[in-house]
Each structure stands twice: as structure tokens, then as C-alpha cells.
Amino acid sequence: MTNGRGKSDSPEVPGKPLNKGGATAGPSAEGVEGRGLAKGNPGGQNRFRAQHRSDLQQALERVRQAAAKDRRKRFTTLWHHVYNGNRLREAYLGLKRNAAPGVDRVTWKEYGQRLEENLQNLSDRLKRGAYRAKPVKRAFIPKPDGRQRPLGVTSLEDKIVQRSVTEVLNAVYEIDFLGFSYGFRPGRNPHMALDALAVGIRTKKVNWVLDADIRGFFDAMDHGWLMRFIEHRIEDRRVRRHIKKWLNAGVLVDGERIRQEEGTPQGASISPVLANVYLHYVFDLWAQQWRRKSAHGDVVIVRFADDFIVGFEHQADAERFRGELRERFAKFHLELHPEKTRLVEFGRRAAQNRKERGEGKPETFKFLGFTHSCDRTRCGDFIVLRQTRSDRMQAKLKEVKQWLREHLHDPVPAVGIHLGQVVRGHAQYYGVPRNGPAITRFRQGVVWHWLRALQRRSQTATTPGDRMKRLVARYLPLARIVHPYPEQRLAVTTRGKSRMR
């Protein structure tokens, strides 16, 4: 690794404390806990995996320390971390086993039947520069509003290499990323972003909230700007060349390969870190500087991937920020969605101010699957009430209904186990304080659809109430709050340091 100086069109990275849960606790190390080796691999390798993982973490920790020591350092020798056989193996074991295959039609199980041979061959090709990226297979998933979200299904070896590169890039960029960025980062999750936002609005002088949405962000990222941002830290030409390969690999639609000069496929392992790098230079650094130099009051910022919320003390600040942000985004080929970007009066004084003007209750905004509204505790203290978005709940119940129709004649215990997992997973995400009624309604909706399915398969078209109660009590867990209050979680994770700075 050598020092270098890269010119940037963006503000310099402001100094900040190291983030908790850095690169040494990356997704691969967490994702493979409890996983065994693929069929056909020597069982004796299990005893070495812990040592291999420790060695891999130590290697990336040295990269992380070098990045923290010199925030202008440009790394010239990173590729050997990528083609390391142990890292490729960990990347493979961290993939979803039942994921759809890409254009190569190779599944996780098939690749694992000759895992060591395949990984050695892959490592050799990466080492000598013979590796070739494959085009991405286009797939679509329905969105709650009825539209379809395009996804890219990459080939298995591309997933492995991209995951390996992601770990290496995280070791460098986790030092640079700011505290209010939460999306797809090691040691961070959506609930940390939700808690930081709730505490920020409650403890700061927030009276206005900018609910912003970037139109088609993953399809609009400019490749030229992205590579310039990568060059600020990554001098290793082999890393940059392979990132270009994935960006230029194109998309396979109906057997035809279409090259794209903008965007990165949603669903690719490398896309989240590239998106964070892009928005780090385009939005985060600029917003941090704007807050320090241009704002006349308190400003709270929380970003999760391409979704972000900004709270302001003064309406004038909010309107000026929105206008300047549009100009900033236009420079980097991004655009705020005109219909989904809203300025909302929100905060502890919003209800009283709107009542005096005769405008009714404060408006709400949506973020990470929750509807946020102004509320008060029994003692009269202001809080941010977070409730499950009604459209998300209805969309999920619709999926449950469709699944029950497709599995109408499956054994009752198998259906009960699946529905129990659905209810439990819903509560694990939406079970935040004061959202008990919503997750209870979801559980009741699942019970209703299950009852209707049992009646359809019954010759008498009836299901005794006692039997239904027994089935529900046996298979469906109760709707319970599983997350602590925001102040409690932040007190543990931040230890007095701001998650919004």
C-alpha cells in the first residue's frame, strides 16, 4: 500500500470516531455461523474454519487500521485479499443456498459438490486475470403499489467474487462512512436507523421533516462518477477493473444482452457498497457540510441506502436545503422524485401550530416500512409513533392468502409451521414499542385466511372453533413487542456518541 493524493469534487471527509462493528465483523463472518460445509467436502476442514476466519479478519483489520491512520491513503495492493481461497470459501458459504441461479444456471448445491476444485480454479483465474464477468439475468418482483421492481440475478461465481470484494471495500470505507448512514453496513440494521430518527426528532428542535426519495437510484448511478469516487481510495487497478466488468456486463433480457451505461443491478452482492460509496460523496459529505455551515438551527439526518429523512428546526432551512439538494443531485445525474419528496410539518409543536391555524392534525411520513406520526404519552411527553404501513400489511396478507391457496391440501402441521414463521418474522421486524395493535391485527388476518383455507378443503365447509383455537395456539406465536424503546437501544449501541452525526 502506498500513499497517494486524489483530487475530489466533493468536500473532504470530516473527522469522526470509528464506527462500531467495522469491517472485521462483516456480513460473511456473521452469515456463515452454524453452516456446515457443502456435500462432498472433507469433514476435517471444519476444525480449521475458525482459524481461517480469524486470519481473514486480522488481514482486513490491518487494512482498516491503515485506512484510519491516513484518510487520504489510496490502496494499491488489495487484490490478493479477494482471490484468497479461504475468503472465497467464506463468501460461498455466506450465500443463500436456495437462491435462483443466474445465466450460468449453476446452483449453490451443484457448485459445492466440487467446491475445493471450483474455488481453486476461480482463485487461479482471478490471480492471472482470466476471470470474466457474466451478464445479469433480469427478474421482476411485485411492489406493494402494484408496480414491479427490477432485480438482477448474477451468476454464482460473480456472487462469490463480488461478496469477497465487498468485504475488502468495507474494510476501507467503513472508516469513511458517516454515522447517519445505516443501509447495508456491517453491524447496522434498519431498526438502528429508525431509533436514531425517533430520538433525533424527540431530542432536537425538529419542526419540519423532509421525506425524500431518489427516483430510480440504482438505475441512475453514473458509472463515470462512481469510478472517480472509487479512485479516491482504491488505487489497485485489478479491483477497479473488475468493478468495471460488473458494471459493463449488461443485462440479459429474453436472451438478448443489453449493455447499460448507468446503474447497477439491484440484487447484486456488490451493489449495496457501491451505492453507499456513491451517496457518501454525492449526499453525505455535502449534507454534513451544509448542516455545519449553512443551517441556522438544528438538523437531523438519517439515511438508509437511497432512502433518507432530514429534520429541520426552521422551515426556511428545509426549503433552502431541498432546493440546493436538487441542484446537487442534478450534477451527479440523480433526481428527487417529485411526487414522493415531501416537506412535512412534524415535531413536538406541530400539533399546536396547526391547530392554531385550523389545519387539523400533523401530517405523517413513511420510512422503512413504518408510518411515523406525532403522538403523546400518558404523561403528555412528545413521542414519534411508529406503526406498520397499512399497504405493507395488506400486501403481506395477500401473499399469505395466495400461498394458502397454492398449498390448500398440504398437511395441516406443515401449513401451521410455515404460518408460524410468517407471524414470527413479521413481529421480529414490526414489533416496536406502541405498535402492538398493528402486529396483533396482522396475526388475526393470518388466522382468518387460514380458517378460510381450512373451510375450503373441508367437505362440510366448516371448521369447529375449538379445533381452530388449538391450531392457532399450537402454531402461531403471540404478537409481542420484541424491540426496546429507541433511547434504550441507542444507549447501548452508541455509549453516548451520536448516531446522527
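**Close-up 1. What covers helix α18.** The cover over the buried residues of α18 includes α16 (412–430) and α17 (436–457); helices here are DSSP runs (H or I, at least four residues), as are strands (E, at least two), numbered from the N terminus. This is a predicted model, where local features need pLDDT of at least 70, side-chain atom pairs count only at pLDDT 80 or more, and totals for chains, interfaces and linings use all residues. Residues are numbered from 1 along each chain as its sequence is written, and side-chain values use heavy atoms, with hydrogens and water left out.

Close-up 2. Met468, Leu471, Val472 and Tyr475 are the buried residues to look for in α18 (residues 465–475); buried means under 20% relative accessible area, exposed over 50%, and partly exposed in between (1.4 Å probe, protein chains only). They sit on the same side of α18 because they cover an arc of only 95° around the axis, taken from the directions from the helix axis to the C-beta atoms. Turned away from that buried side, you'll find the exposed residues Asp466, Lys469, Arg470, Ala473 and Arg474.

**Close-up 3. The largest nonpolar core.** This core has 83 residues, and Ile160, Tyr278, Phe283 and Phe321 have the most contacts inside it. A nonpolar core is a set of buried Ala, Val, Leu, Ile, Met, Phe, Trp, Tyr and Cys residues joined through side-chain atoms within 4.5 Å. Leaving aside residues up to four places away in sequence, Phe321 touches Leu210, Phe283, Trp286, Ala287, Trp290, Val310 and Phe312, with contact meaning heavy atoms within 4.5 Å. A second, separate core of 26 residues includes Ile201, Val344, Phe382 and Val432.

**Close-up 4. The lining of the largest cavity.** Among the residues lining the largest cavity are Ala198, Arg202, Tyr485 and Glu487. The elements giving two or more residues to this lining are α8 (190–203), β11 (382–388) and α19 (486–493), and β11 gives the most, with four.

**Close-up 5. Two loop residues with positive phi.** Most residues other than glycine have a negative phi. Arg105, in the loop between α4 (85–93) and α5 (108–112), has a phi near 60°. Arg105 is exposed, with a relative accessible area of 71%. Over in the loop between α7 (156–173) and α8, Phe184 has a phi near 55°. Phe184 counts as partly exposed, at 48% relative accessibility.

Key: On a 1 Å grid over the protein atoms alone, a cavity is a set of points where a 1.4 Å probe fits but cannot get out, and a pocket is an open set with protein on both sides within 12 Å along at least five of seven lines; lining residues have an atom within 4 Å of a point.
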